[in-house]
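Subject: Structure for you to look at

Hello,

Here is the structure I said I would pass on. Please open it and keep it beside you while you read the notes below.

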Amino acid sequence: MKLVFHYLGKYRVAAIMAVFLMLVELTVELAQPLLISKIIDQGIARGDTSIVLLWSGILVGGSVIAFGAGILSSFYASHVSQSVGYELREGLYGKIQSFAYAVFNRFPTSSLITRLTNDVTQVQDTIFTGLRFMLRMPLVVVGSVIMALLVHVQLGFLLLLTVPVLVWFVIWMVKKAALLFSKVQQRLDTVNGVMQENLGGMRLIRVFVRRQTEGVRFARSSGDLMQTTTSAMRLTEMTQPFIVLIMNAGIIAVLAFGHLEIHAGTATTGIVVAIVNYSLRTSGALSTLSMLVSAFSRARASADRIGAALETDSEAESEHASRAPEGVRAGAVEFDRVTFRYPNTQAAALEDVNFSAKPGETVAILGATGSGKSSLIQLIVRLYEENEGAVRIDGRAAGEWNARQLHEAIGYVPQEVVLFTGTIRDNIAWGLDDVPMEKIEEAARQAQIHETIVGLPNGYETKLGQRGINLSGGQKQRISIARALVRRPAILLLDDSTSALDVRTEAALLGELENMPCTTFLVTQKISSTLNADLILLLDDGRLIAQGNHKQLMESSSLYRRIYASQFGEEDSHVGSAT
Ligand SMILES: Nc1ncnc2c1ncn2[C@@H]1O[C@H](COP(=O)(O)OP(=O)(O)OP(=O)(O)O)[C@@H](O)[C@H]1O
């Protein structure tokens, strides 16, 4: 909540205006029953038309003022709420962008989307209703009771008696509803998660004939959401009839006692009507208040969730981060007894890994699935940090480089290709300003995709769908490689990025890479891609069990020989010493 007030503070003038204008509206509202009682007692009862006209004129004038004040107050309140919503979304988005990569293990994407959309909207809407009604409703209750007591002490006292019962009930209900609504929010997260997985994996769902199963999974999570929401809504909807019931009992008491008072000559019809009017306003205000308070507790849960994301540490820049203007140049990479565990896991993904790659070398990383190949790459690009040992780049601990310099020097092609909505040209030049067309074409040529691109009707201006669905897997991989190459990186990291390429295209690409001055790390399952590498790292279950060039590994590693034999056939095992 502190957070919401912090953002609200920026719009305090508009917020104060909204509240002030609401108070004008409230004053007129509280005066209305009194004016009506005057019209009845001094005008209608005495047959005095001029009094009726006078008070009616005042009533109408007041209503017009209240109307104008109400509209202006809404205008200010919506300005404040929309602006705070906008700032919260911006702040949250910026924060998520700055998260250390490991944090994404803690916040699933679906939950971040719920925070950015639903939670922010919840807070935003509640700020609006808060400014318009939150202060107004308790004031209507207190003001009505005071006015009723002023109009007639004994009859006003009856109204005073009913209020604590109703307030107690509202508090009880709101507490219960708050619990239920926080469950609603969790269920919404689950629905969003299932939906996201389903939409992302639509093709797989069809091919694996999982439509029905996934449909059931979605229906289940959606049903859970419906049930929890229904329980919460039932509870809140019970409130209004209950308040009306108690208030009706109060009004009957007012009418019964009012009747006696009128007979005794200590009250008038107008007074009784005014008290009934104040009672109706009180019950109306209390039932609105109960809805507002439960909306508040929902918004509070949302604000807490937004706050939790906003308070998460951003990617820390090491204190020793380099201020050197030249940045990473040569591209030497050294792992010195590196051990790494993913957050919240016990087993090490990499254990005691030691190797050194000289500038310009090609390093092939080979190993079974789950052996730690991607983990090693992610340590170089600093998506994660090692737990023990040191990763050194150009002789300096990786944490000592400033993140921007490091990322400018690294071309990273992740295992899962990500293309953005936009043209092919935008996708290759992504993240760089004003890249000349020749450079884009050169990178595309090196990535073996230029010919394909110019063959498309719109060439480099071809628009890609949300995830580049109009290209083949291998074409997407090559565009993603061109994106890394156009940056002329000192270190190039290809995480299984040639898996969808045919042998000829892959060989041509590897040939291009050999001529480049960068240090290249190539994660691969194919031994054919390792033959010309300067250094091959053979990983097995997180351990670096062998390293050297092809010839050396053929001599020193039985696992390497076995992999070689399985891919090339036993009889060829003497072939291919390309070093
Ligand atoms: N985000 C993560 N959180 C926890 N554990 C992870 C995470 N990512 C990978 N792991 C685990 O770390 C180990 C190494 O995974 P890694 O992705 O580095 O293997 P890999 O050799 O690249 O596999 P593949 O060839 O299948 O991509 C595996 O046991 C994997 O389960």
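A nonpolar core is a set of buried Ala, Val, Leu, Ile, Met, Phe, Trp, Tyr and Cys residues joined through C-beta atoms within 7 Å. A residue is buried if 20 or more other C-beta atoms lie within 10 Å of its own, exposed if 12 or fewer, and partly exposed in between, with the C-beta atoms placed from the backbone.

The model is predicted: local features need pLDDT of at least 70, side-chain atom pairs count only at pLDDT 80 or more, and totals for chains, interfaces and linings use all residues. Residues are numbered from 1 along each chain as its sequence is written.

Overall picture

The protein chain has 579 residues, and 36% of them are buried. Its secondary structure comes to 18 helices and twelve strands. Helices (H or I, at least four residues) and strands (E, at least two) are DSSP runs, numbered from the N terminus. Two residues are in contact if their C-beta atoms, placed from the backbone, lie within 7 Å. Of the contacts in the chain with a separation of 6 or more, 78% are between residues 24 or more positions apart.

The cores

Which residues touch the most other members of the largest nonpolar core? They are Val363, Ile365, Ile428, Ala482, Ile491, Leu493 and Leu537, in a core of 70 residues. A second, separate core has 58 residues, including Met22, Val84, Ile127 and Ala299. Leaving aside residues up to four places away in sequence, alanine 482 touches Ile428, Ala443, Ala444, Ala447 and Ile449.

The strands

Strands count as paired if DSSP finds at least two bridges between them. Start with strand S10 (residues 519–524): six of its six residues are buried, so the strand is largely enclosed by the rest of the structure. In a regular strand the side chains alternate between the two faces of the sheet. In S10, Thr519, Phe521 and Val523 point one way, Thr520, Leu522 and Thr524 point the other way, and all are buried.

S10 pairs with strand S9 (residues 491–495) in the parallel sense over five bridges. Here leucine 493 stands opposite phenylalanine 521 of S10. S10 also pairs with S3 in the parallel sense, again over five bridges, and leucine 366 stands opposite threonine 524 in S10.

Strand S3 (residues 362–367) pairs with S11 too, in the parallel sense and over five bridges. In that pairing isoleucine 365 stands opposite leucine 537; both of these residues were named above for the largest core. Strand S11 (residues 535–540) is mostly covered, with five of its six residues buried. Strand S12 (residues 543–548) runs antiparallel to S11, and five bridges join them. Isoleucine 536 has glycine 548 in S12 as its bridge partner. S11 and S12 form a hairpin with two residues between them, and aspartate 541 in the turn has a positive phi of about 50 degrees.

Two further aspartates

Aspartate 352 has a positive phi of about 50 degrees although it is not a glycine. This residue lies in strand S2 (residues 350–357). Aspartate 394, also not a glycine, has a positive phi near 50 degrees, and is found in the loop between strand S4 (388–393) and strand S5 (396–397).

Are these aspartates buried or partly exposed? Aspartate 352 is partly exposed, because 14 other C-beta atoms lie within 10 Å. Aspartate 394 is buried, because it has 22 other C-beta atoms within 10 Å.

The ligand

The shell around the ligand has 13 residues, and the closest are Tyr342, Thr369, Lys373, Ser374 and Ser375. A residue counts as near if its C-beta atom, placed from the backbone, lies within 6 Å of the molecule. The shell divides into two nonpolar, ten polar and one charged. Helix H10 (residues 373–380) gives the largest share of the shell, three residues.

Regards

How values were computed: Nonpolar A, V, L, I, M, F, W, Y, C, P; charged D, E, K, R; others polar.
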